[in-house]
Amino acid sequence: MTEQRGPEQQSGFPRRDDQGRIRTLGDLLGVCLAGLVIGVLALVLFEWGFASLGSGEFGHTNGWLAVILPAWLFWDDFRAWEFGAARVAAAAVAAAVGVFAGLLVAGLGSGLPPLLSGALGAAAFTVAYAVVWFPGVRWLARRTG
């Protein structure tokens, strides 16, 4: 028998509403940044392992790979919104702003190893996307009905 929970009894993180959408920007940013840290740590672990085996120098993996877990969460939140122009427009604008911010930060760190400059770019993308997506999709959904 499955236990049904009401919206006030939902547990877990990030907190979600009845439709499965993340409730607060803080929850979205917290989980995304935690996923980013996990991604960076996984890349460092793989880099260390391959470098110790003599398969290359440490730090030459693309740090942008750390954005996989945050992107997965963004996709999950995107799917939770009902089909319509609001979610597509908000996602497109958030992606454009996020890619711009990520490339700008990665470019400023171009003298750093690719792992570090890419991880910084992935962090900038993650924060920018979340900050544009979260209020943007809600505002557009209210405006379009």
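This is a predicted model: local features need pLDDT of at least 70, side-chain atom pairs count only at pLDDT 80 or more; totals for chains, interfaces and linings use all residues.
Helix 1 itself covers residues 25-52. Its 28 residues reach 40 Å from the first C-alpha to the last, close to the 40 Å expected at 1.5 Å a residue. Several positions of helix 1 are buried, among them Asp27, Cys32, Gly35, Gly39, Leu43 and Glu47. The elements covering the buried residues of helix 1 include helix 2 and helix 4.

The pairing of helix 1 with helix 4 can be described next. The axes of these two helices come within 10 Å and cross at roughly 165 degrees. Because angles over 145 degrees count as roughly antiparallel, helix 1 and helix 4 are roughly antiparallel to each other. Their crossing is right-handed. Helix 1 contributes residues including Leu28, Cys32, Leu36, Leu43 and Glu47 to the contact, while helix 4 contributes residues including Ala119, Ala123, Thr126, Ala130 and Trp133. By class, this contact of helix 1 with helix 4 has 18 nonpolar, 1 polar and 1 charged residues.

Helix 4 (residues 114-144) also meets helix 2 (residues 68-80), their axes coming within 11 Å and crossing at roughly 15 degrees. That angle makes helix 2 roughly parallel to helix 4. The crossing of helix 2 and helix 4 is left-handed. Pro70, Phe74, Asp77 and Phe78 of helix 2 make the contact with Phe125, Thr126, Tyr129, Ala130 and Trp133 of helix 4. Sorted by class, the contact of helix 2 with helix 4 has 7 nonpolar, 1 polar and 1 charged residues.

Conventions. Residues are numbered from 1 along each chain as its sequence is written. Side-chain values use heavy atoms; hydrogens and water are left out. Axes are lines fitted to C-alpha atoms, for helices over the stretch in contact, and angles run from 0 to 180 degrees between N-to-C directions. Helices (H or I, at least four residues) and strands (E, at least two) are DSSP runs, numbered from the N terminus. Angles under 35 degrees count as roughly parallel, over 145 as roughly antiparallel, 65 to 115 as roughly perpendicular and the rest as oblique. A crossing is left-handed if the near helix is turned anticlockwise from the far one by less than a right angle, and right-handed if clockwise. Contact means heavy atoms within 4.5 Å. Ala, Val, Leu, Ile, Met, Phe, Trp, Tyr, Cys and Pro count as nonpolar, Asp, Glu, Lys and Arg as charged, and the others, Gly among them, as polar. The expected span of a helix is 1.5 Å times one less than its number of residues. Buried means under 20% relative accessible area, exposed over 50%, partly exposed in between (1.4 Å probe, protein chains only).
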